[in-house]
Amino acid sequence: LDQVRTRKSAYEQACLAEANRRAAKGHLALAEAYAGGDASELELHLLYLRATEQDDAQTPYKNIVAKGRHAATLHHVDYARESAPAPSLLVDAGATCNGYHSDITRTWVKGEGAAAQGFRELIRRVEALQQEMCRRAVPGVPYEDLHDQAHELLAPVLRDVGLARGSDEELIARGVTRKFFPHGLGHALGVQTHDVGCRVDDPRPENALLRTTVTLAVDHVFTIEPGCYFIDSLMDELGADSAGALVDWGGVAALRPFGGVRIEDNIVVGADKPHNLTREGFAAVARATVVATP
């Protein structure tokens with residue numbers, strides 16, 4: 001039964017697409033609110049519910065709404081009540097349609113100082129990495145290979161934005177990329193946010209947290225969600241290890257107040273190329289907004 005669930009029918013894909021469109025409304029509302037003010041995490045969470053017309057219990061999972069350093073907590077759901085300026089906002093939130101889930105993450109930054117510009121560049125580079133991984137999600141590719149490729153692409157990003165030094169091979173082999181990007185590249189998606197049937201074998205030990213090891217096939221649906229974070233415990237571990245010599249700790253200190261960045265889309269594996277439900281959902285909401293504006 002789990003294996004039957006891994007390939008989504010046209011009806012299921014339509015439900016997933018609508019769940020993405022509904023969630024896009026919430027993400028766009030929060031992007032506007034964050035750009036225009038200093039609403040608290042709780043206020044932003046409530047705004048997301050209103051924009052997506054969901055009760056809290058109807059969301060596919062507890063919304064992650066994390067400002068500043070809170071974005072370094074991968075599942076930050078203990079929302080701050082106070083309204084205060086923050087240099088960044090990470091929102092990981094979805095919506096449902098007929099029981100099918102969407103799971104979308106976006107990260108935004110405010111400010112024009114050197115640190116803000118550095119974090120803005122990190123967001124840009126992680127999004128470019130994420131879009132490349134979406135393009136590579138084609139039939140016949142083992143998902144664990146995609147995860148490994150994400151680390152191969154992250155290594156030069158860390159170097160280029162001033163967080164690390166050394167070769168790509170060193171940064172990967174000595175575990176530096178995995179301290180900045182400690183979770184899996186993504187997971188199956190359907191009537192559960194972490195849908196079943198796609199961890200057919202255990203991943204290699206260094207990829208222990210990877211939820212998906214299946215070989216991609218047409219009509220599989222996955223999230224693609226690389227990230228880069230400044231998690232205190234992992235940074236401390238890296239600093240205590242000889243591999244810490246590969247890290248530019250001045251660069252880490254400058255970006256640590258921003259917490260981290262994650263970009264996440266939901267894709268359907270197609271015969272020739274993936275079908276990005278999330279980007280299409282955002283585009284549909286944007287078109288509807290333009291039409292509705294007098």
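Analyst: Helices (H or I, at least four residues) and strands (E, at least two) are taken as DSSP runs, numbered from the N terminus. The model is predicted, and local features need pLDDT of at least 70, side-chain atom pairs count only at pLDDT 80 or more, and totals for chains, interfaces and linings use all residues. Residues are numbered from 1 along each chain as its sequence is written, and side-chain values use heavy atoms, with hydrogens and water left out.

Start with Asn98, which sits in the loop between strand 3 (96-97) and strand 4 (100-101). Its phi is positive, about 55 degrees, although Asn98 is not a glycine. Asn98 has a relative accessible area of 55% and is therefore exposed (exposed means over 50%, buried under 20%, partly exposed in between, with a 1.4 Å probe and protein chains only). Glu53 is another residue other than glycine with a positive phi, near 55 degrees. Glu53 belongs to the loop between helix 3 and strand 1, and it is exposed at a relative accessible area of 67%.

Cys97 is buried, with a relative accessible area of 8%. Cys15 is buried too, at 4% relative accessibility. A disulfide is a covalent bond between the sulfur atoms of two cysteines; here the test is a pair of cysteine sulfur atoms within 2.5 Å. By that rule there are zero disulfides. For Cys15, the nearest cysteine sulfur is that of Cys97, 4.5 Å away. Cys97 is likewise in no disulfide, and its nearest cysteine sulfur is that of Cys15.

Next comes the sheet with the order 1-2-5, an open sheet of three strands with antiparallel pairing (two strands pair if DSSP finds at least two bridges between them). Its edge strands are strand 1 (64-67) and strand 5 (104-109), each of which pairs on one side only. Neighbouring strands of this sheet are turned by 5 degrees against each other on average, direction ignored; axes are lines fitted to C-alpha atoms, for helices over the stretch in contact, and angles run from 0 to 180 degrees between N-to-C directions. Six bridges join strand 2 (residues 88-93) and strand 5 in the antiparallel sense. Ser88 has Val109 of strand 5 as its bridge partner.

Helix 2 (residues 10-36) packs on this sheet and touches strand 2 and strand 5, with a direction at about 15 degrees to that of strand 5 (contact means heavy atoms within 4.5 Å). Helix 3 (residues 41-52) lies across strand 1 and strand 2 and runs at about 145 degrees to strand 1.

The other sheet to follow is an open one of three strands in the order 6-9-10, again with antiparallel pairing. Strand 6 and strand 10 (275-276) are its edges; each has a single partner strand, so one side of each has no neighbour in the sheet. Strand 6 and strand 9 (residues 265-268) run antiparallel and are joined by four bridges, with Val221 partnered by Val268 in strand 9. Helix 4 lies across strand 6, strand 9 and strand 10, at about 15 degrees to strand 9.

Buried residues of helix 4 include Phe119, Leu122, Arg125, Gln130 and Cys134.

The largest nonpolar core has 47 residues, and Phe119, Leu122, Leu163, Val176, Phe180 and Phe222 have the most contacts inside it. Such a core is a set of buried Ala, Val, Leu, Ile, Met, Phe, Trp, Tyr and Cys residues joined through side-chain atoms within 4.5 Å. Among the elements that each supply at least two residues of this core are helix 4 (114-135), helix 5 (143-160) and strand 6 (221-224). Helix 4 gives the most, eight residues. Leu122 touches Val157, Val161, Cys228, Phe230, Leu255 and Val261, leaving aside residues up to four places away in sequence. A second, separate core of 20 residues includes Leu44, Leu47, Ala95 and Val285.

Phe230 is also one of the residues touched by Gly259, as are Gly68, Arg69 and Tyr229, with residues up to four places away in sequence not counted. Gly259 is in the loop between helix 9 (249-255) and strand 8 (260-262), and it counts as buried because its relative accessibility is 0%.
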